[in-house]
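Dear colleague,

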Amino acid sequence: MNRAPLKRSRILHMALTGASDPSGEAEAGSGEKPFLLRAVQIALVVSLYWVTSISMVFLNKYLLDSPSLQLDTPIFVTFYQCLVTVLLCKSLSALATCCPGTVDFPALRLDLKVARGVLPLSVVFIGMITFNNLCLKYVGVAFYNVGRSLTTVFNVLLSYLLLKQTTSFYALLTCGVIIGGFWLGVDQEGAEGTLSLMGTIFGVLASLCVSLNAIYTKKVLPAVDGSIWRLTFYNNINACILFLPLLLLLGELRTLWDFAQLGSADFWGMMTLGGLFGFAIGYVAGLQIKFTSPLTHNVSGTAKACAQTVLAVLYYEETKSFLWWTSNFMVLGGSSAYTWVRGWEMKKLQEDPSPKEDEKSTVGV
């Protein structure tokens, strides 16, 4: 029963290192299903991931910065999504207990000792989801991917500073391309008069928190018996509690009280739908990895970001310069190249697990 969560913990480690997991790829392809059936399954799973992820971004943009909604409570929106996740986890746990075999979900019981053990990760988790939403609030959906593009760069830096892991020259080169794309994107947003300095800063902080979240997740997983769903449950419970004083200090509860659509069923339906997407994205990402591989998942995520950018430009009827598009392709190309380089290095390491010192091509960061 713990096999899937343990596999996901390795996936979280690969999120930090950018490496692929050949064993996962082999496992995914070990079934004896017909090729056509497997191809259809993969297409459906990838499509589900794309639809869920892109829909979540556009819906959150609406909730955070819609002129028709005019709701300036980004912390409350994030708090409510965490609350929905907690309720969904408890509901699925209760359903799994009442109807064994219907739903594969671990039993959830609040343990204060475990909650305290998860707290350091929860602080990073709060930073990650809050800065993500604040970045999306202040920048356009088209620039959102570039604004949060430094995650890979922070992965490399933190791997060296915290884990003392060096990175190869080719991987560093791909990071240079990402940084160049980010810098060019910021420059072009400024040239077009649409740059939000605050949103860009929040995007950089979100990228940092995503990297830290991967590190702390690996450390904290043993406290929840390696179960990613238990970790999700405790993370979101801690987040709900920690968000409450922020809601009071920032005056968002008063703003919400004066909100014209507070009693609107449509508003709460959209808020709840945002929470459902937030909960679902973790599941469909894991599902995509299960049916393909971590490497394919990263490539799919990059392609999805490209499609999301194009859709945003078309939907909001924006006109972008050639250099603006170049910055996006640099970020996406650099991210894809980094994933490929790390996957190639891991494969080479498995074939020759003890290379000679003079054959290593790593450099300190």
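Please keep in mind that this is a predicted model. Searching the whole structure gives 17 aromatic pairs. Among them is the pair of Trp-324 and Trp-325, which counts as edge-to-face because the ring centres are 5.0 Å apart and the planes stand at 90 degrees. The two partners can also be described by their accessibility: Trp-324 is buried, with a relative accessible area of 0%, whereas Trp-325, at 22%, counts as partly exposed.

Elsewhere, one aromatic cluster is formed by Phe-76, Phe-79, Tyr-80, Phe-259, Phe-267 and Trp-268.

Aromatic rings also meet charged side chains in this model, as with Tyr-138, whose face has Lys-137 lying over it at 5.8 Å from the ring centre.

As for the cysteines, the structure holds zero disulfides. For Cys-240 the reason can be given in terms of distance: the closest cysteine sulfur, which belongs to Cys-82, is 5.3 Å from the sulfur of Cys-240 and therefore too far for a bond, given that a disulfide requires the two sulfur atoms to be within 2.5 Å. Cys-240 counts as buried, at 10% relative accessibility, and Cys-135 is buried as well, with a relative accessible area of 0%.

Definitions and conventions. Residues numbered from 1 in each chain as written. Predicted model: local features only at pLDDT ≥ 70, side-chain atom pairs only at ≥ 80, totals over all residues. Heavy atoms only, no water. Buried < 20%, exposed > 50% of the residue type's maximum accessible area, 1.4 Å probe, protein only. Phe/Tyr/Trp six-rings, centres within 6.5 Å; stacked < 30°, edge-to-face > 60°. Lys NZ or Arg CZ within 6 Å of the ring centre and 35° of its normal.
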